[in-house]
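Here are my notes on the model you sent over. Have it open beside you while you read.

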Amino acid sequence: MVSVRHAVIAAGIAASSPLVAQSSAITEGGSAFAFTMNGVEMTITRTGPSCSPSCIQPMTAAAGVETLGELEVIGFLQNVVSTGSGLLVDVRMPGTFSSGSVPGSVNVPVATFKPDNPYRADLLSALGVSNPETAPNFASAFSLVIIGNGPDDGAARDAIQHLLGAGYPPNKVKYYRGGASTWSALGLNISVGQ
């Protein structure tokens, strides 16, 4: 339990920090969140990249879509991708993807999943969906883990929303919220030029 004295000291340090002058919103709807602990008002703020576009994403991408951590992503690569029944899909732009990505991932930029993409049916077909334009059948569709840059990148959630909108079953889609930045920050190796 944090003592009131430590909480007050921490709040004082944060308030005097020059980084506070460079504050940014946390989510599109909130730039600060306040609560009371042991009678002391506490505030959570954020410094760094601006929101939007770099808003902190929720842990859940969509109802029925499981969120994975790094060990689960590794297990997915070992047990699903290696058998040819799944894909780890990195939705970042190709230049960013080729500068460093999770080993075994494939690059499909988020815009490719949008409903107005004239080649979206081709993409769904490549993902194992039969009859994607007329009567989509997802029985043989790949299981997917969707990743973006990290917890403050909405591209992976957007891609998941587009997949679900196309009828992709939520139980065949998983979300790695940590993304490439968290993967790398944890010291896990990345592939360059993949």
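**Notes on the model**

1. Start with the surface: F33, F35 and I44 make a nonpolar patch of about 270 Å². Bear in mind that this is a predicted model.

2. What about I44 itself? This residue sits in strand β3.

3. Strands β2 (residues 33-37) and β3 (residues 40-44) run antiparallel and are joined by 5 bridges. M37 stands opposite V40 in β3. The two strands form a hairpin with 2 residues between them, and N38 in the turn has a positive phi of about 55°.

4. On to the open sheet. Its 5 strands come in the order β5-β9-β8-β6-β7, with parallel pairing. Which strands stand at the edges? They are β5 (66-67) and β7 (105-107); each has a single partner strand, so one side of each has no neighbour in the sheet.

5. Within that sheet, have a look at β8 (residues 143-147) and β9 (residues 173-176), a parallel pair with 4 bridges.

6. Then the helices. Helix α2 (residues 70-81) packs on the sheet, where it touches β6 (86-90), β8 and β9, and its direction makes about 135° with that of β6. Helix α5 (residues 155-165) lies across β8 and β9 and runs at about 145° to β8.

Definitions and conventions. Residues numbered from 1 in each chain as written. Predicted model: local features only at pLDDT ≥ 70, side-chain atom pairs only at ≥ 80, totals over all residues. Heavy atoms only, no water. Pairing = 2+ DSSP bridges. Contact = heavy atoms within 4.5 Å. Axes fitted to C-alpha atoms, helices over the stretch in contact; angles between N-to-C directions. Patch = residues over 30% accessible without salt bridge, like charges linked within 9 Å, V, L, I, M, F, W, Y side chains within 5 Å. Areas by Shrake-Rupley, 256 points an atom, 1.4 Å probe, with all protein chains shown as cover. Salt bridge = Lys/Arg side-chain N within 4 Å of Asp/Glu carboxyl O.
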